[in-house]
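Me: Could you take a close look at the salt bridges here, and at the strands and helices around them? I'd like to follow them one pair at a time.

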Amino acid sequence: MALAHVLGAPRIGPHRELKFALERHWRGELDEAGLRAAASGIRQANWRAQAEAGLDCVAVGDFAYYDPMLTHVALFGCAPARFGFGARIGLAEYFQLARGNADCHAMEMTKWFDTNYHYLVPEFGPDTAFTLDGRWLLDEVAEAQTAGFKAKPVLIGPLTFLYLGKPKQAGFDRLDLLDRLLPAYVRLLAALRAAGIEWVQIDEPILSLDLPPAWRAAFERSCHALRSAGVKLLLASYFGPLRDNLLTALQLPVDGVHLDGVRGGGELAQALDWLPATKVLSVGVLDGRNVWCDDLAAVLDRTEPLQARLGDRLWVAPSCSLAHVPVSLAPETRLDAELKSWLAFAAEKLEALGTLRAALNRGRAAVAPALDMNGRALASRRQSPRVHDAVVAARVAALRADADRRHSPFAARQAAQRARFALPLFPTTTIGSFPQTPDIRQARARFKRGELAEAAYVQAMRTEIETAVRRQAALGLDVLVHGEAERNDMVEYFGEQLAGFAFSQNGWVQSYGSRCVKQPILYGDVSRPRPMTVEWTRYAQSLTGKPVKGMLTGPVTMLQWSFVRDDQPRAVTALQLALAIRDEVADLEAAGIGIVQIDEPAYREGLPLRRADWPAYLDWAGRAFRVAAAAVRDDTQIHTHMCYSEFNDILPAIAAMDADVITIETSRSDMELLRGFGEFAYPNEIGPGVYDIHSPRVPSVEEMRRLLDKAAAVIPPGHLWVNPDCGLKTRDWPETEAALAGMVAAARAMRRVYAI
C-alpha cells in the first residue's frame, strides 16, 4: 500500500484568520488566550482536511505564529543576545524578535530559497547556546493526538537551521555550533518518541543547494545523532534536484527520504537504484509551488513503476509544503468556470493526493471519474484560445537585439539628469507607497462592489494623492511619489489591467508574519490594453514643482509574484511583461514624468538554487528589465528597488540592469549589505534604506545619521540617496511622518558635513 502525506499546510487559515488575530493581538484587542485559540482552530481545520482526503498522517509543527525559523529560535532557546531574553521565550518575546522593540531592531528577514516567502534569520556567534523549550512543538503534538489524528511532527533540520542563519562575528563558522545544537534536537526527538510518535519529518532543503564539502559531510554525524533518539526519521528536501547531494541523502542513517519529484523528477530513476532496501522513498508528485491542476494520469504513469518496485515503501506527497499556495478554491465564486477548472489550491491538491493514493492502491478504475474530470480540464486549457495571442507572440519575435540598451552610457545620462532636476546632495525620497488608511481601503472596496460611482472613487483617490503630496512637501522630501492610494497590491494592481491575468477573491498566501498577498494567476499571453498609472501620476505632478516619480512593478517581479503559466518558458513570459511595462514607461515620459521607478524586489528571488544555472536566468531577467526601461531619453531617470535579499553575489548582474538609481533594504543588516556594493565599485547611484518599515519603531535622527555615515564610507557621497527600506503602505501616518522627518533631518545633516 502506497502511503500519502503532506510536508506542510497553509497556516493563515481559509479567510486569513491568523492575520486578523495577530493584528488584533498586537493592537491589544485580543489576549494571548484568544490568539492561541485562533491558531488552534487553523491547525484543527488543516488536520481534518488531511484526514478527510485519506492521508495516512497529518503534519504537526508546520504551523507558526509568525515564521517557522523564528519558532525554532524559540524552540531551541537561541534568541539574539542583544534582546536579553534568555533561553525561554514566550509569545511576547517571540513577536519582539519579529517586529523589534524600543531598544532593538527586529531580526533580519530574507527570502526562503527561491520562493516569495520571507523568513527571520537566526543570529549565531561563538557564545550561542541552545536550550530546548519543547512546549513549542510538544503542545501541538498533544493537541493533534487528543483530537484523534496520527501526528507526523515536522522540524527544520539542524543543518538547514544553522546554514540559513547569519554569523554575527567575522570569521565565525556556524557549523561549529552543530555539536552544541544536536543534543537539544535529540532530547526533543526522545520526547516525541515518549509521546507515541512513530515518524518525524526532518526538513533539510539545503540539500538542493551547492553545499561546501564540510556541510555535506556534516549530514552523516547529524543524522547519526538524531537517530539515537529512537524515532523514525523522514529526511525531506524540496525546491529542486539534489544533484551531487543525492547519493549523500540516500545513504544517510535515516528511515526515509523525500525528494521533489516535480523539479527533480529526472533523478528518480537514479534514486530508485541507490535507495537502500530498508528505506522509504517519499516522492513529491504534485506541484506544491503552483496552482495548476497536475496531470494525474501522467503522475500515475511515473509513479506506478515506483510502486511496483517499492510496494509500501513508497509514499506520495506534494513536492513541498502547501503553504505556498492558497487554501481552497471553494470560496471562488467569480472566477471564470473554465479557468477555475484548470486550477488546484491546497484543498484541491489534497483531494488529488487522495485520488492518487486510491489509484495506486486500488487501481485507476477505482477513481475513473476523478481522472476523467482531470483529463478534461487539462485538454480545455491546452485548447483554449484565451491562452495564446498571435500579436503578442509576433511582437516578442520581432524584438531587436538592441531593444534593451539606453541611448547613452550612465555618465552621460547622469549629467543630463542632474541638469534637469538640480537635486541636492543626499536627495531624499520614499520607495513609493504611503499608509493605506481605513478610508482608502473602504473606498476601494465600495468601488469594487459597485457601491461607489467611478467619478466619486476617482475624486476620493485624488484627495488621498493630494494629501500624500502635501505631507511630503511639508516634510521637505526632494523627490515625491503619489502614494499609491488606488493600488491594492504592487502586482495585483497591474495584473488587473493587463491581458493574460486572472484574479481570485480569496487566494491569499503568506509573505511573512501577518502580511498576506493574493497572487495573480498568469494564464495567457500578456499585453497592455491601455495606460495603467499615467493619470494618477500626472495629477500628482500637477500639484507640485518637485519631481514626482512614476511607480511601476518590474517584469521579473510581476513574474515571480504571480502563479505563472507552466506551458511556456518563463523567459518568454518575462519578455511579454517587459513590453507591457515598456509601453507604460513611454506614456509616463510623454506625460512629463521625468523619474520612473521600476521595482524589482523579486529579482534575486528568481535566481536558481544552483550557481551553474544562474547565468541563463540572469541573462533573460536582466534583458527583461532593460527592455522595460530602455526606450527613454537620457534625462529621464530610471530607478529600481530591491529588498530583503542578499545581493553581493550577483552585483555584476545588478549593475548590468543599468538603472540610474537603485534603492535597497539595508537597515536590518546595519548597512552590511552595502559593503559589497562599495567593494564592487557599483557604478550608478544607490539609495540604502536607513530605517526598517516593517517595524513600528521610529528610529532617531542619530541612528539614521550613523547608517548614512557607514554608507558614505563605502559609496561616493555624490552617488547616495536617502530613503526608507521599502514602501510605507503598512504603516500609520503618525509614525511615517515622524520617521520621514527624522530621515530628512539626517540627510540635511549629511549635506552640512559633505557640502562642497
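Reply: **Salt bridges, pair by pair**

Let's begin with Arg420, which has a relative accessibility of 31% and therefore counts as partly exposed. Here buried means under 20% relative accessible area, exposed means over 50%, and partly exposed lies in between, using a 1.4 Å probe and protein chains only. The model is predicted, so local features need pLDDT of at least 70 and side-chain atom pairs count only at pLDDT 80 or more, while totals for chains, interfaces and linings use all residues. Residues are numbered from 1 along each chain as its sequence is written, and side-chain values use heavy atoms, with hydrogens and water left out.

The partner of Arg420 is Asp635: their side chains meet in a salt bridge, at 3.6 Å from N to O. Arg420 sits in helix α16 (residues 410–421) and Asp635 in the loop between α23 (614–629) and β20, so the pair ties together parts that are 215 residues apart in sequence. Asp635 is partly exposed too, with a relative accessible area of 21%. For the terms, a salt bridge is a side-chain nitrogen of Lys or Arg within 4 Å of a carboxyl oxygen of Asp or Glu. Helices (H or I, at least four residues) and strands (E, at least two) are DSSP runs, numbered from the N terminus.

Five strands form an open sheet with parallel pairing, in the order β17-β19-β20-β21-β22. At its edges, β17 (549–553) and β22 (685–688) each pair on one side only. From one strand to the next, the twist averages 20 degrees; axes are lines fitted to C-alpha atoms, for helices over the stretch in contact, and angles run from 0 to 180 degrees between N-to-C directions. Strand β20 (residues 637–642) runs parallel to β19 (residues 595–599), and three bridges join the two. Val596 stands opposite Ile638 in β20. Two strands count as paired if DSSP finds at least two bridges between them.

Back to the charged side chains. In total, the structure holds 58 salt bridges. One of them joins Asp114 and Arg263, whose closest N and O atoms are 2.8 Å apart. Asp114 lies in the loop between β3 (109–111) and β4 (118–120), and Arg263 in the loop between β10 (256–260) and α10 (268–274), so this pair ties together parts that are 149 residues apart in sequence. Asp114 counts as buried, at 10% relative accessibility, whereas Arg263 is partly exposed at 39%.

Asp255 forms a salt bridge with Arg227, with 3.4 Å between the closest N and O atoms. This one links distant parts of the chain, 28 residues apart: Asp255 is in the loop between α9 (246–251) and β10, and Arg227 is in helix α8 (residues 213–227). Asp255 is buried, with a relative accessible area of 16%, while Arg227 is partly exposed at 39%.

To sum up the setting: side chains of opposite charge can pair when their charged atoms come close. In this model, that gives the pair of Asp114 and Arg263, the pair of Asp255 and Arg227, and the pair of Asp635 and Arg420 where we began.
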